[in-house]
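Open your viewer and get the selection tool ready.

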Amino acid sequence: MFKKWFTKLKRSPYWPEFLSVPDRPLSPRQHFGSIFDVIQISHTFKDSKTFVDTIPKKAPSKIKKQYHKSYSAQLDLSRFVRDNFVMPDPIKEPEPISRDDNTAIQVRAYIDAMWNVLTREADQAKPYSSLLALPHRYIVPGGRFREIYYWDSYFTMFGLRESNRADLMEAMVKNFAHIIETYGFIPNGNRTYYLTRSQPPVFAHMVELLAEVKGEQELDTYARLIYREYAYWMRGAKAPLFANGTINASEHVVRMPDDTILNRYWDESISPREESFREDLEIGRTMDESATYYRNMRAGAESGWDFSSRWFAEGGDLSTIRTIDIVPIDLNVFLLHTEEILARIYQRQKRFTLSEKYNDLAQQRREALQDFFWHEEDGWYYDYDLAEQTLSTQCTIAGAFALYGGIASPEQAPRMVEMIEHTFLRPGGVVVSMKNTGEQWDAPNGWAPLQYITVMGLERYGASELAEEVARRWCSLNLSLYEKTGLLFEKYNVEDIDTLASGGEYTLQHGFGWTNGVLITLMNKYHINTSDEDDEEDEQEEESSADASDQSLHEEHNAEEEDEEFEPAHTAK
């Protein structure tokens, strides 16, 4: 009797795996308290993320005791950290790629080599480490990003598919399934300090991609966990004050003026991000409402666009961030497709009532996006400002998700195509936004996932010529800078294509998971290769300046450096 009651409770949305913070593994700040604060504030490391990725050499209680015993005004914090923590390993470099081949061939070889460099074997859990151990191999982005990242992995998987690495695709999906089983959702990355937030919800999309390679049965294999993650994103709708209409926003859910339920980014914590502790504190400590600021910063990090004028008050900077007031177009397109995938799964299982339910939910979301996110005068989709009950004023390439997700009507699509061509297209691809704020998700930068979304959205509506033009410009930029540096980067300056990208909280990173994935996908789709003849012409034209340019770029880079709807039989691998 008890077992039956316990099993039923465990499938409910109130099961503590969603709610019980004390049961989660402790983060570095939770382990070390004020000592953590002192180390992060004191600039012990140039990059705040370095300390949170170290591994304590002994129990935190012993380290704290030693700290307090040794504490004085002359305490050498750098030595204290070195004596008590194991430093994170730097990213390895691949074997040198032959420079005898043309650039496109070199890049293909580089990407194939980097899959092995960026692969991490199944983790062995280490006491007090911030790393959440995963049972299967996985790909990290590269550089300072030494762990798996949620939405990065989706775009990385496109490249794995092109490289015929279905084994790694499946291993990564299995890891995310394990994470959902363990924590009830997928955090930003597999670190304890990320356990208060997620990232754009693409698990269902990953399973769909795996199913394209391995067969439709993969949808059934992971069906329960697709639903479970969806339930996490919709959980706020069950809060009593939201359900009875007293409030219009709860966790990740919001109520639109027509009572449709949509979603926003959110973080349950109201303290500085541990991996950017000093940076958050520098602004937050000057504010009366610092808790709101910290939550908005964390929610901005959950969006993947950390950070962008997209989340700022009009004309404002990072200090005006208000992520939780914004209903984002891209997040809701991702969730709409998750609803479509759930409907498809239930249809396969002949559970027609549930299939109809999720088709209806998807249609409601689609209509709300049409009603509230379209700007008729501009011919573009914007985010929705929940606080002001109107469209956001920030024009960004996120609007292209309306093409990618099939939201745009036949009448709207041509206007969006024109907007991309005349407003967003730059020499190196599509730019993120119209504003240059110094943040990395603003002009003049472009990012691999946004190029992919734009290209595929254009293709969906028959704008193949512009889609190919965007792809060719992006690939040309990637190849050009690879030729000069021997590296592929996290982001690119799409306006000044001879300059490395910059902006944000950290220096430019290379590796790089999602860049590699999108680049090889677009190169294959559009048969983008540099011919030997072209190489010879380029060499003749640029021979006099190439060496100086290459050296300059090298120096520049080095200087920066739930379950109730499923039967128990539906289990993950």
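The tour below goes from a helix pair to a sheet and then to a single helix. This is a predicted model, in which local features need pLDDT of at least 70 and side-chain atom pairs count only at pLDDT 80 or more, while totals for chains, interfaces and linings use all residues. Residues are numbered from 1 along each chain as its sequence is written, and side-chain values use heavy atoms, with hydrogens and water left out.

**Helix pair.** Select 166-183, helix α10, and 203-214, helix α11. (Helices, H or I of at least four residues, and strands, E of at least two, are DSSP runs numbered from the N terminus.) Their axes lie 10 Å apart at an angle of about 145°; axes are lines fitted to C-alpha atoms over the stretch in contact, and angles run from 0 to 180 degrees between N-to-C directions. Now show side chains: A166, M169, E170, V173, F176, A177 and I180 of α10 meet F203, M206, V207, L209, L210, V213 and K214 of α11, where contact means heavy atoms within 4.5 Å.

**Sheet.** Next, find the open sheet of three strands, ordered β5-β6-β7 with antiparallel pairing. Its edge strands are β5 (249-250) and β7 (261-263). Select β6, residues 253-255, which is joined to β7 by three bridges; strands pair if DSSP finds at least two bridges between them. Zoom in on R255 to see I261 of β7 opposite.

**Last helix.** Finally, pick α22, residues 464-485.

Conventions:
Expected span 1.5 Å × (residues − 1).
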